Amino acid sequence: MSLLNTVSKLLGGGESANRLRHHEDLLTTLLVMAWMVEARDPYTGGHLWRVSQFSRLLAQEAGLAKHDVARILVGGFLHDLGKISIPDHILGKKDRLTDEEYEVIKTHPEVGWRMLAGHPLAELAEASVRAHHETPDGKGYPRGLAGNDVPLDARIVGICDAFDAMTSTRPYRKGMPVAKALSIIESELGQQFDQVLGQRFVTLGREGAFDAIVGH
């Protein structure tokens, strides 16, 4: 599913060709901002695309309507928008982050939301951008949301973001095998990851649904 083609699904029927093109142009401005984030850190190349694809598959497996799947696909691609504000020496650091540096990293969800706020299509990605690091146990950031207070989109994107982080190779470490990453997610169900969605994600992974996406 093309990211731009999701616009027509989100808008529903009855839209004129000119109006559809207008909304596609608006979506393109969001995607360009996201691509700028990846351009700053070549080692994360493909991260946004992979997270969006994992999110699409999980949303479909959860039985969500097509327009919800489309919205979550877009949110998955835009979730790290706020990282454009993170200094290069932190974003590209090859060693473990200090506590102070990690606090800077933790600002990216709210920064991303401030960048997005006011955009005509902001509602497509607000939950994913602002809450993808919130967790069911309330120990996430930036607002410490818990349980179902964490928006559905963010619960889906958060699982997919963590999975891609674990399975992606970085200059300072090799990505872990898919099976190990799935086992870690399974061990954190109900704590770091949503119980039901996380279990569905693990099942999909063990069925090989992500094999063509991991490392792409």
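User: A salt bridge is a side-chain nitrogen of Lys or Arg within 4 Å of a carboxyl oxygen of Asp or Glu; with which residue does Lys-93 form one?
Analyst: This is a predicted model, and its structure holds ten salt bridges. In the one that involves Lys-93, the closest N and O atoms are 2.7 Å apart, and the partner counts as buried because its relative accessibility is 13%. The partner of Lys-93 is Glu-101.

User: What elements does the chain contain, and how many helices are there?
Analyst: Read from the N terminus on, the elements run α-α-α-α-α-α-α-α-α-α-α. The chain has zero strands, and the number of its helices is eleven.

User: What share of the residues in the chain is buried?
Analyst: The chain has 216 residues and exposes about 10,300 Å², of which carbon and sulfur atoms supply 52%. Among contacts between residues at least 6 apart in sequence, 63% join residues at least 24 apart. Buried residues make up a share of 47%.

User: Is helix 9 largely enclosed by the rest of the structure or largely open, and how many of its residues are buried?
Analyst: Helix 9, which covers residues 152-167, reaches 23 Å from its first C-alpha to its last, close to the 22 Å expected at 1.5 Å a residue. Helix 9 is largely enclosed by the rest of the structure, because the number of buried residues among its 16 is 14.

User: Does Leu-27 count as buried or exposed?
Analyst: Leu-27 lies in helix 2, and its C-alpha atom is separated by 8.9 Å from that of Val-74, which stands 47 residues away along the chain. Buried means under 20% relative accessible area. Because its relative accessibility is 0%, Leu-27 counts as buried.

User: Which residues does Val-37 contact, leaving aside its neighbours within four places in sequence?
Analyst: Val-37 also lies in helix 2, where its relative accessible area of 7% means that Val-37 is buried. The C-alpha atoms of Val-37 and Leu-78 are separated by 9.6 Å, although the two residues are 41 residues apart along the chain. Once those sequence neighbours are left aside, Val-37 is in contact with Asp-80, Leu-81, Lys-83 and Ile-84.

User: How far apart are the closest N and O atoms in the salt bridge between Lys-83 and Asp-80?
Analyst: Both residues are among the contacts of Val-37. Lys-83 is partly exposed, because its relative accessible area is 21%, whereas Asp-80 counts as buried at 5% relative accessibility. The closest N and O atoms of their salt bridge are separated by 3.6 Å.

User: Which residues form a nonpolar patch on the surface together with Trp-35?
Analyst: Trp-35 lies in helix 2, which spans residues 17-40, and counts as partly exposed because its relative accessibility is 42%. The patch on the surface has about 280 Å² of accessible area in total. Its members besides Trp-35 are Val-32 and Met-36.

User: How many residues apart in sequence are the parts that Arg-130 and Glu-110 tie together?
Analyst: Arg-130 forms a salt bridge with Glu-110, in which the closest N and O atoms are 3.3 Å apart. Since Arg-130 lies in helix 8 and Glu-110 in helix 7 (residues 108-116), the pair ties together parts whose separation in sequence is 20 residues.

User: Is the aromatic pair of Tyr-102 and Tyr-141 stacked or edge-to-face?
Analyst: Seven aromatic pairs are found in a search of the whole structure. In this one the centres are 6.2 Å apart and the planes stand at 85 degrees, and planes over 60 degrees apart count as edge-to-face. The pair links Tyr-102 in helix 6 with Tyr-141 in the loop between helix 8 and helix 9, 39 residues apart. The pair of Tyr-102 and Tyr-141 is therefore edge-to-face.

User: What is omega of the cis peptide bond that joins Tyr-141 and Pro-142?
Analyst: Most peptide bonds are trans, but a cis bond joins Tyr-141 and Pro-142. Pro-142 lies in the loop between helix 8 and helix 9, and Tyr-141 counts as buried because its relative accessibility is 10%. Omega of this bond is about 10 degrees.

Technical notes: Residues are numbered from 1 along each chain as its sequence is written. This is a predicted model: local features need pLDDT of at least 70, side-chain atom pairs count only at pLDDT 80 or more; totals for chains, interfaces and linings use all residues. Side-chain values use heavy atoms; hydrogens and water are left out. Patches are made of residues with over 30% relative accessible area and no salt bridge: like charges are joined within 9 Å, nonpolar side chains (Val, Leu, Ile, Met, Phe, Trp, Tyr) within 5 Å. Accessible areas come from the Shrake-Rupley method with a 1.4 Å probe; for residues, only the protein chains shown count as cover. Helices (H or I, at least four residues) and strands (E, at least two) are DSSP runs, numbered from the N terminus. Buried means under 20% relative accessible area, exposed over 50%, partly exposed in between (1.4 Å probe, protein chains only). The expected span of a helix is 1.5 Å times one less than its number of residues. Contact means heavy atoms within 4.5 Å. Rings of Phe, Tyr and Trp (its six-membered ring) pair if their centres lie within 6.5 Å; planes under 30 degrees apart count as stacked, over 60 as edge-to-face and the rest as tilted.
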